[in-house]
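Subject: Structure handover and findings

Dear colleague,

I am passing on the structure shown just below, followed by an account of what was found in it. Please read the notes with the structure open beside them.

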Amino acid sequence: MSNYGTGLDIGTMNVVCARRTGKDKVETSRVRDAFLDLDAGAKRMLKLNGVNFVDRGEDGIIVVGDAALEIANVFGREARRPLSGGLISAGELDALEILGIMVKNLLGPVKTNREYCYFSVPAAPVDADRDLVYHKGIFERIVSECGYTPVAGNEAMAIIYAETAKEGFSGLALSFGSGMCNIALAVNGIEGLTFSVSQGGDWIDAGAAKATGSTASRMCALKEKGVDLLKPEGREQEALALYYKSLCEYCISTTAKEFQKIKDRFALPRPIPIVVSGGTALAGNFLPFFQQTFERERKRFPFEVSDIRMASDPLNAVARGLLIQAVQEYSD
Amino acid sequence: MYLIETNQPSVTVEDLGITIRLGSSVWITGEQFRSSVCLKRLKALGQVRVTPKKPSRVEKKPTKKRAPLSVSMSRPRKGGLAKPLRRGGAEPSTGIPVEQVRRMVNQAALEAAEAVAGRILGETPTVPPVTGLEGLEALEGRIEQAVGRALSGRGTSPVSVQGAEPTLEEPMFIPEGIVNETDPSVLETHTEASSDEGLEDAAAALRALRRNRKEQG
């Protein structure tokens, strides 16, 4: 099997690229989806610290990725985000240029002429009026300008391809992202239902912060430091657990509601697994927490579930699923 | 220099004090481009396309002159109703030949007038009988007023793409040149190598599934 083809997961918090490097070997590259603009006077300081930046001449300099967050702390500023709620941020004027830099650096040069690159797009949200056409068009253009053949792939369906091969690509995948949650239901690789909800990790942080009089940044740091959703300690962790519970319940009930709309034309011949993934699902004991929440709704759930499991690599599952789709373009 | 075009009936860049209309384009300097926040926002929203270009110094071959638009009447009027647009803006001082500017303006006026005529004729319930020269001139006056109202932009609505797939007739401007080839690699990416025993099997299974589906198809 060739090493051609690449998968690109474009998320609100991270952008991840996956590429096959040999038999049973995969390389994933990740960059934080953030940037910071600074005056030209900061060049010397950044060079001394070995921080790479993009020089825009009289328009200043731009630091991209993880370094942007670190430098933002130094200057007492907030890093800017080119994506908001899973889509290109309409209010961020420099978003396109920054996304171009990120994608170009992650993908690198093509390994073959017009190499396939499957990139993730979210499904349309059922609870917000947001346009995906522009978002998809921009990334098709960016990936194409990097020399690749762009193919858009649904984010949650990528998890189906990555995690349910032994079930014949049948399952219900939930990708708990930062800006939104994507959900997909498929049987034998046929997409039956795909949608998203506009709540995710950022919503949890904002809600818990408001409830406790804290800040979203602090809530985010608390999550990353480690919180046990089954045994939260203190007011802030309890608030986080509460919002996590609300998000899980919302995703499960919305899935049930959306399935009712298609159940007459989409048959499920056997019980299917539920796979959860995404950065927001990395909170401590998220899987048993989700299982507990689901068990309360199981009797009312419209189809049978065989088991509930976590993706083998929640941060990279989407990129891996997109890579699988890209690699099969080159299979004999 | 930068060339601004739009797919909307009319777009105004407030901080530059310029208006771009469908079918026409406007040239601005690099300084204007860099200083305009409104233009950047419009570009990000896909309502305008901004292309760095140099105005052509070579005179293009003159296009065929089209007959001016005229509304069909019992007594055809010489010259028709299509009058050159006399807008407040002066000809752009960008080195573009006057003749080319005139052609661009006429073309924009013709296209706009054709669209407006179609709307007016569709909306007009009945036309009262016209007798005599005075009646004809009154009708021409009313038609000119209707055209003028429509061309002023009132009653037109921008194409909405919320939730809609763009059609061939409604292209959405996706900017070009987003990726700068000269930008060096400046990102520190976190790279991990891992073993993935299931990848090849999954790819093979997916390919077989799609092949079977195609054959059954």
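About 30 Å³ of space lies in the second largest cavity, and the structure holds 2 cavities of 30 Å³ or more. A cavity here is a set of points, on a 1 Å grid over the protein atoms alone, where a 1.4 Å probe fits but cannot get out, and its lining residues have an atom within 4 Å of a point; grid points are joined across faces, edges and corners, and a volume is the space filled by probe spheres set on the points.

Before going further, please note that this is a predicted model, in which local features need pLDDT of at least 70 and side-chain atom pairs count only at pLDDT 80 or more, while totals for chains, interfaces and linings use all residues. Residues are numbered from 1 along each chain as its sequence is written, chains are lettered from A and ligands numbered from 1 in the order in which they are written, and side-chain values use heavy atoms, with hydrogens and water left out.

The second largest cavity is lined by A:Leu172, A:Leu174, A:Cys251, A:Ile252, A:Thr255, A:Ile274, A:Phe290, A:Phe294 and A:Phe301. At least two lining residues come from each of β11 (171-176), α8 (234-262) and α9 (286-295) of chain A, and α8(A) gives the largest share, with 3 residues; helices (H or I, at least four residues) and strands (E, at least two) are DSSP runs, numbered from the N terminus. By class, this lining has 8 nonpolar, 1 polar and no charged residues, where Ala, Val, Leu, Ile, Met, Phe, Trp, Tyr, Cys and Pro count as nonpolar, Asp, Glu, Lys and Arg as charged, and the others, Gly among them, as polar.

A:Phe176 is buried at 1% relative accessibility, and A:Phe286 is buried with a relative accessible area of 1% (buried means under 20%, exposed over 50%, partly exposed in between, with a 1.4 Å probe and protein chains only).

Strand β1 (residues 6-10) of chain A runs parallel to β9(A) and is joined to it by 3 bridges, while β9(A) and strand β10 (residues 149-154) of chain A pair in the parallel sense over 6 bridges; two strands pair if DSSP finds at least two bridges between them. A:Cys117, found in β9(A), is buried at 0% relative accessibility, and stands opposite A:Thr6 and opposite A:Pro150 in β10(A). From β9(A) the chain crosses through helix α4 (residues 133-145) of chain A to β10(A) in a right-handed β-α-β crossover, meaning that, with the strands pointing away from the viewer, the path from the first strand over the helix to the second runs clockwise.

With best regards

Definitions and conventions:
On a 1 Å grid over the protein atoms alone, a cavity is a set of points where a 1.4 Å probe fits but cannot get out, and a pocket is an open set with protein on both sides within 12 Å along at least five of seven lines; lining residues have an atom within 4 Å of a point.
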